[in-house]
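These are my notebook entries on a single chain. I set down here what I looked up, one topic at a time.

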Amino acid sequence: MTATPAPRVTIKDVAARAGVSKGAVSLAFNHKPGLSEATRDRIFRAARELGWAPNLTARTLAGSRVDVVGLAVCRPARVLGLEPWYMEFVSGVESVLAEHSCSLLLRLVRNMDEEVGVQESWWRGRQIGGSILVDFRADDPRVGLVERLGLPVVAVGHPSLTGGLTSVWTDDATAVTEAVRYLAALGHRRIARVGGAAALGHTAIRTAAFDEAAGALAGAWQVATDFSGDAGARATRSLLTASAPDRPTAIVYDNDIMAVAGLSVAAEMGLRVPDDVSLLAWDDSQLCRLTHPTLSAMSHDVHGFGAEVARTLFGVITGEGTAGSHPVPTPVLTPRGSTAPPKV
């Protein structure tokens with residue numbers, strides 16, 4: 001017997017739940033005057049409880065901006081410009097936005113408070129139809145902001161960080177564990193990790209996974225950085241200045257920029273890769289295949305990841321997508337010339 005599909009939630013249902021008219025719901029979602037903040041919040045809460053979002057076409061006719069999607073990134077412009085992951089991610093997002101004749105509004109912010117203000121300004125000013133949220137932290141203030149505003153978003157982050165928002169994420173913990181196990185299987189017993197910014201949620205997840213996976217090793221080190229090549233070089237230099245018995249024989253990096261910098265530092269110090277030290281990068285951009293030796297990496301389709309994020313956001317905006325958690329394939333280990341059994 002075929003199950004009867006659940007009836008589609010409508011604006012009338014939201015109005016009834018909130019105890020207001022359909023016109024009031026329209027005013028709230030089109031950010032027009034005439035409602036108190038308490039009433040507006042009650043309407044948004046009713047819509048969330050019912051899993052309803054305004055139809056994309058209807059919002060266009062009402063004058064809301066759904067031809068623009070927002071993305072705020074808390075990174076220095078110079079660092080972002082050199083970061084292959086973000087370039088690939090944005091290209092994936094853009095590939096889907098182009099199909100919808102939609103543009104990306106990109107803003108670099110200095111801190112989380114500034115981003116909260118930017119997101120609120122964009123939404124209240126009807127500059128965007130939805131937003132992509134990245135770089136989640138513990139107790140992230142954007143979760144409460146989205147709930148208060150009724151802003152359609154997709155969160156790029158593990159569900160433990162995103163507070164019930166619709167999310168798209170990769171299993172960083174499993175990938176870190178695979179990297180450590182691979183190096184240990186090669187015979188490495190002293191392994192280090194050059195990680196990203198400690199405040200970021202995905203960095204904390206990777207840090208905890210590394211601690212657990214490396215627990216049985218003879219030596220394990222972790223160094224936090226800002227993802228830049230300069231920071232990666234400094235971290236590598238500090239790890240490799242110890243005498244051979246007390247330094248790592250393998251290093252895992254949280255991005256490919258730092259891994260390339262680490263490769264240069266090893267050469268500067270007269271160390272051979274992989275004979276003296278093995279290096280393993282994250283993300284696997286074209287950079288990893290242009291070095292000598294080529295860099296082993298945890299590979300994943302960053303362009304496809306960005307495209308999936310954009311598709312999920314359109315589902316949130318139109319109310320036609322599936323809410324909740326959307327995992328994408330875990331990064332896969334790709335061995336190349338920079339990893340081998342230790343010789344020291």
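Predicted model: local features only at pLDDT ≥ 70, side-chain atom pairs only at ≥ 80, totals over all residues.

**Entry 1**

I then looked for a separate core and noted a second one of 21 residues, which includes Tyr 253, Leu 263, Ala 266 and Ala 297.

Next I turned to the largest nonpolar core, which has 27 residues. Which of its residues touch the most other members? They are Phe 89, Leu 97, Ile 132, Val 134, Phe 305 and Val 309. I recorded that strand 1, helix 6 (84-99), strand 4 and helix 14 each supply at least two residues of this core. Helix 14 gives the largest share, eight residues. In soluble globular proteins, nonpolar side chains tend to be buried together.

**Entry 2. Val 156**

I looked up Val 156 next and found it in strand 4 (residues 153-156). Is Val 156 buried or exposed? Its relative accessibility is 12%, and the cut-off for buried is under 20%, so Val 156 counts as buried. Beyond its neighbours within four places in sequence, Val 156 is in contact with Phe 89, Ile 132, Leu 133, Val 134, Asp 135, Phe 136, Val 168, Phe 305 and Val 309. I also looked up a pair of C-alpha atoms: those of Val 156 and Pro 248 are 32 Å apart, and the two residues are separated by 92 residues along the chain.

I then checked which way the side chains of strand 4 point. Val 153 and Ala 155 point one way, whereas Val 154 and Val 156 point the other way, and all are buried. In a regular strand the side chains alternate between the two faces of the sheet.

I traced an open sheet of six strands in the order 2-1-3-4-5-11, with parallel pairing. Its edge strands are strand 2 (103-108) and strand 11 (325-327), each of which pairs on one side only. On average, neighbouring strands of this sheet are turned by 20° against each other, direction ignored.

How many bridges join strand 3 to strand 4? There are three, and these two strands run parallel. Leu 133 has Ala 155 of strand 4 as its bridge partner. Strand 4 is also joined to strand 5 (residues 167-169), by two bridges, and this pair too runs parallel. Here Ala 155 stands opposite Ser 167 of strand 5. Strands of a sheet pair through backbone hydrogen bonds, either parallel or antiparallel.

I noted as well that helix 14 (residues 302-318) lies across strand 1 (68-73), strand 3 (130-133), strand 4, strand 5 and strand 11. Helix 14 runs at about 150° to strand 4.

**Entry 3. Helix 12**

I checked the length of helix 12 (residues 256-268), which has 13 residues. At 1.5 Å a residue it should span 18 Å, and because its end C-alpha atoms are 18 Å apart, the two values agree. At the start of helix 12, a side-chain oxygen of Asn 255 comes to within 2.9 Å of the backbone nitrogen of Met 258. After the helix comes Gly 270, with a positive phi near 75°. The buried residues of helix 12 include Ile 257, Met 258, Leu 263 and Val 265.

Most residues other than glycine have a negative phi, and most peptide bonds are trans. I therefore listed exceptions to this rule.

- Ser 101 has a positive phi near 50°. It is in the loop between helix 6 and strand 2, and at 64% relative accessibility it counts as exposed.
- Phe 227 has a positive phi near 75°. It lies in the loop between strand 7 (219-224) and helix 11 (229-240), and with a relative accessible area of 5% it is buried.
- Val 273 and Pro 274 are joined by a cis peptide bond, with omega about 10°. Pro 274 is in the loop between helix 12 and strand 9 (278-283).
- His 292 and Pro 293 are also joined by a cis peptide bond, with omega near 0°. Pro 293 lies in the loop between helix 13 (287-290) and strand 10 (296-299).

Methods
Residues numbered from 1 in each chain as written. Heavy atoms only, no water. Helix = DSSP H or I, 4+ residues; strand = E, 2+ residues; numbered from the N terminus. Buried < 20%, exposed > 50% of the residue type's maximum accessible area, 1.4 Å probe, protein only. Contact = heavy atoms within 4.5 Å. Pairing = 2+ DSSP bridges. Axes fitted to C-alpha atoms, helices over the stretch in contact; angles between N-to-C directions. Expected span 1.5 Å × (residues − 1). Polar contact = N/O pair within 3.5 Å; in protein donor to acceptor, adjacent residues only side chain to side chain. Core = buried A, V, L, I, M, F, W, Y, C linked by side-chain atoms within 4.5 Å.
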